[in-house]
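Dear colleague,

My notes on it follow directly after.

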Amino acid sequence: MRRKVAKRKENKEESSPAKESKKTTTRAKRVKASKPQSDPEYFEDKRNLEDLWKAAFPVGTEWDQLDVLYQFKWDFSNLENAFEEGGKLYGKKVFLFGCTEPQLVSVKGVNKIVCIPVVVAVVSPFPPSDKIGINSVQREAEEIIPMKQMKMDWVPYIPLENRESQVDKLKSQIFILSCTQRRAALKHLKIDRLKKFEYCLPYFYQPLKEDEIEQSTEVQIIFPAEPKPVFCEFDWELDELEEFTDKLIQEEELSEDQKDAFKEFVKEKVREAKKANRQAREARKKALEEMSEETKAAFENMKFYKFYPVETPDTPDISNVKAPFINRYYGKAHEIL
């Protein structure tokens, strides 16, 4: 027992006030040697619709241009504000799709071609179309196909503040044209399929208004001649085929031995165009006869708004390149914002 007591006494002696003082001094020295605390970092709160413009797929943009599209910090606060009280899109059902416009603009004093993102908003009680147009100068014929063939569809956009909620319980008023084609899988696609994505145009058909294409008497001619194809436009009301062909021969765009084949080719294209115009007129007439008054009113009140990025110190000046034209199907926007 004595030994144990003695041991305890020794332990008590080890933690004497002098030694405690020594520990405190050492601890104090360490505190003095520590680095000062850095100021806390502050992050801006994300706006509720901040990524809306990025969520709307930029239809028809070349895949290798998508990364270039985001090289600037584009600001679409005008689009976000349009959904606020008093804005153009407040309380309305809206369908959005993206597109891009390559333009020559000034970037820090140097003129450069820049791919400018644009968002088109369609105010409508129902989707403006479930189809997509595929057309280009290189393609012989235009195609109008279901969006789903190109892995595109209208899907609800969920604002940031609602992303923790159950999506199926939300009544979304904002829909975006989305594409589920994965970029990682592009290398496995055939070239023709890959190019189709680049030639896509959001399609719209307005049954209450006669299409300008139907009224047109011009046909695009791409005649497969050698050594190079002949590209021209032929107007069956204004142009006389014999004179038109002779002029191409004089200009050495067409050889003499291809004259008859060219004329037959043009005649066939004219027949196809006239037939297409006639079928379109008949289809529109039938659609109007079967259309309800409610649907007619919806088409009459449908509005297109075209949003360009807001000018900021970090982005190029695009004030001189804004235009109301959307595409050959939608025509012009009712308003540019």
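Strands, like helices, are DSSP runs numbered from the N terminus, and a strand has at least two residues. The model described here is a predicted one.

I begin with the loop residue lysine 151. Lysine 151 lies in the loop that joins strand E4 (143–146) to E5. Its phi is positive, about 60°, although lysine 151 is not a glycine. The relative accessibility of lysine 151 is 39%, so this residue counts as partly exposed; the partly exposed class lies between the buried limit of under 20% and the exposed limit of over 50%.

A second residue with a positive phi of about 60° that is not a glycine is glutamate 252. Glutamate 252 sits in the loop between helix H8 (241–250) and helix H9 (259–290). With a relative accessibility of 70%, glutamate 252 counts as exposed.

Strand E5 leads on to the sheet. Six strands form an open sheet with mixed pairing, in the order E5-E6-E1-E2-E10-E13. Strands E5 (152–156) and E13 (335–336) are at the edges, and each has a single partner strand, so one side of each is left without a neighbour in the sheet.

Within this order, strand E1 (residues 94–107) pairs with strand E6 (residues 174–179) in the parallel sense, over three bridges. Valine 94 has isoleucine 174 in E6 as its bridge partner.

With kind regards

Technical notes. Residues numbered from 1 in each chain as written. Predicted model: local features only at pLDDT ≥ 70, side-chain atom pairs only at ≥ 80, totals over all residues. Heavy atoms only, no water. Pairing = 2+ DSSP bridges. Helix = DSSP H or I, 4+ residues; strand = E, 2+ residues; numbered from the N terminus. Buried < 20%, exposed > 50% of the residue type's maximum accessible area, 1.4 Å probe, protein only.
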